[in-house]
Amino acid sequence: MMATAECTHVGGIRKVTPSGKGCKECLETGDTWVHLRLCLECGHVGCCDSSKNKHARAHFRGTKHPIIQSFEPGESWRWCYIDDMYVD
């Protein structure tokens, strides 16, 4: 029987308040985004990897906060940048 991989970073998930209704950096510069991601450690809202600025991933690189959740209506999936996998 094969063991399934599990994310070891879920302990960092916090109850967070989103930084805003859109990508924090894009709103500050007047830019646009495709989809939004919410940092589950501090509440930063950033744009996804399909967006030209990729602010959610830049936030992870700068802070090492690994787990994001989709900030799109009707979506609740979570992703760990470090383990490169979906998280329950």
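Predicted model: local features only at pLDDT ≥ 70, side-chain atom pairs only at ≥ 80, totals over all residues.
Residues are numbered from 1 along each chain as its sequence is written, and side-chain values use heavy atoms, with hydrogens and water left out.

I put the volume of the largest cavity at about 40 Å³, a volume being the space filled by probe spheres set on grid points that are joined across faces, edges and corners. Its lining, meaning residues with an atom within 4 Å of a point, consists of His-9, Gly-12, Ile-13, Leu-40, Glu-41, Pro-66 and Ile-67. Sorted by class, I find four nonpolar, two polar and one charged residues there; Ala, Val, Leu, Ile, Met, Phe, Trp, Tyr, Cys and Pro count as nonpolar, Asp, Glu, Lys and Arg as charged, and the others, Gly among them, as polar.

I turned next to open space, where a pocket is an open set with protein on both sides within 12 Å along at least five of seven lines. The largest pocket has a volume of about 180 Å³, and I list as its lining His-35, Arg-37, Cys-48, Asp-49, Ser-50, Arg-57, Ile-68, Trp-77, Trp-79, Tyr-81 and Tyr-86. By class, this lining holds six nonpolar, two polar and three charged residues.

I then checked backbone angles, bearing in mind that most residues other than glycine have a negative phi. Lys-54, not a glycine, has a positive phi of about 50°, and I place Lys-54 in the loop between β2 (45-47) and α2 (55-63), helices (H or I, at least four residues) and strands (E, at least two) being DSSP runs numbered from the N terminus. Lys-54 counts as partly exposed because its relative accessibility is 40%, where buried means under 20% relative accessible area, exposed over 50%, and partly exposed in between (1.4 Å probe, protein chains only).

Lys-64 also has a positive phi, near 65°, and sits in the loop between α2 and β3 (67-70); with a relative accessible area of 55%, Lys-64 is exposed.

Last, I looked up Thr-29, which belongs to helix α1 (residues 24-29) and counts as exposed because its relative accessibility is 61%. I find 29 Å between the C-alpha atoms of Thr-29 and Asp-84, which are 55 residues apart along the chain.

Terms used:
1 Å grid on protein atoms, 1.4 Å probe; cavity = no way out; pocket = protein on both sides within 12 Å on 5 of 7 lines; lining within 4 Å.
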